[in-house]
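Please view the sequence and the model together while reading.

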Amino acid sequence: MVVEFDKRLPIYQQGIAWMKQRIVAGSWHPGSELPSRRELAMVLNINPNTAQRIFKTLEEEDLIQTSRNAKSNVTRDKELIALVRKKMTREALEECVEQLKLLGNSAEDIKRILVQFAKTI
């Protein structure tokens with residue numbers, strides 16, 4: 001697996017987003033075991049300290065839990081995962097709408113575009 005990072009953004013933030021995306025999309029199910037910090041560092045080709053920072057942030061957000069001397073697991077809290085999915089979806093839509101506005105589309109144009117696009121998926 002190759003993950004390409006945007007050089008303009010901090011790697012740890014992109015790593016957090018990558019892990020959150022896998023959790024909310026169901027690639028890592030509630031309660032499932034996560035790779036170790038070293039494994040994550042190898043998969044993402046990042047410094048182990050960066051991997052540790054990613055895990056720490058996700059633990060603070062309660063998306064993952066780590067027991068003493070054990071691997072980390074995805075939270076079993078499906079409502080929390082749903083809230084994070086909703087937030088990430090909204091952020092993605094806001095970014096999309098902002099780009100459509102920059103292209104000169106009106107609010108009505110954007111609504112029509114999104115409805116038409118939704119019909120194709």
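Is Thr 57 buried or exposed?

## Thr 57 and the basis of the model

Thr 57 counts as buried, because its relative accessibility is 18% (buried means under 20% relative accessible area, exposed over 50% and partly exposed in between, with a 1.4 Å probe and protein chains only). The residue belongs to helix α3, residues 48-60; helices (H or I, at least four residues) and strands (E, at least two) are DSSP runs numbered from the N terminus. The side chain of Thr 57 reaches the backbone oxygen of Arg 53 at 3.0 Å. This is a polar contact, defined as a pair of N or O atoms within 3.5 Å; within protein, one must be able to donate a hydrogen and the other to accept it, and residues adjacent in sequence count only if both atoms are side-chain atoms.

The model is predicted: local features need pLDDT of at least 70, side-chain atom pairs count only at pLDDT 80 or more, and totals for chains, interfaces and linings use all residues. Residues are numbered from 1 along each chain as its sequence is written, and side-chain values use heavy atoms, with hydrogens and water left out.

## Helix α4

Helix α4 has 25 residues, which at 1.5 Å a residue should span 36 Å; its end C-alpha atoms are 36 Å apart, in agreement. The expected span is 1.5 Å times one less than the number of residues. At the start of α4, a side-chain oxygen of Asp 77 comes to within 3.1 Å of the backbone nitrogen of Glu 79. After the helix comes Gly 104, with a positive phi near 90 degrees.

Buried residues of α4 are Leu 80, Ile 81, Val 84 and Leu 100. The buried residues of this helix pack against α1, β2 (72-74) and α5 (107-120), where contact means heavy atoms within 4.5 Å. Val 84 has a relative accessible area of 13% and is therefore buried. Not counting residues up to four places away in sequence, Val 84 touches Lys 20, Val 24 and Leu 63.

## The largest pocket

By class, the lining has 4 nonpolar, 1 polar and 3 charged residues (Ala, Val, Leu, Ile, Met, Phe, Trp, Tyr, Cys and Pro count as nonpolar, Asp, Glu, Lys and Arg as charged, and the others, Gly among them, as polar).

The volume of the largest pocket is about 170 Å³. On a 1 Å grid over the protein atoms alone, a pocket is an open set of points where a 1.4 Å probe fits, with protein on both sides within 12 Å along at least five of seven lines; lining residues have an atom within 4 Å of a point. Grid points are joined across faces, edges and corners, and the volume is the space filled by probe spheres set on the points.

## Loops between the elements

Ser 32 lies in the loop between α1 and α2 (37-44). A polar atom of the Ser 32 side chain is 2.7 Å from the backbone oxygen of His 29. Beyond its neighbours within four places in sequence, Ser 32 is in contact with Ser 72, Asn 73 and Val 74.

Asn 45 is in the loop between α2 and α3 and, although not a glycine, has a positive phi near 55 degrees. Asn 45 counts as exposed, at 72% relative accessibility. Asp 62, in the loop between α3 and β1 (64-66), has a positive phi of about 65 degrees and is not a glycine. At 47% relative accessibility, Asp 62 counts as partly exposed.
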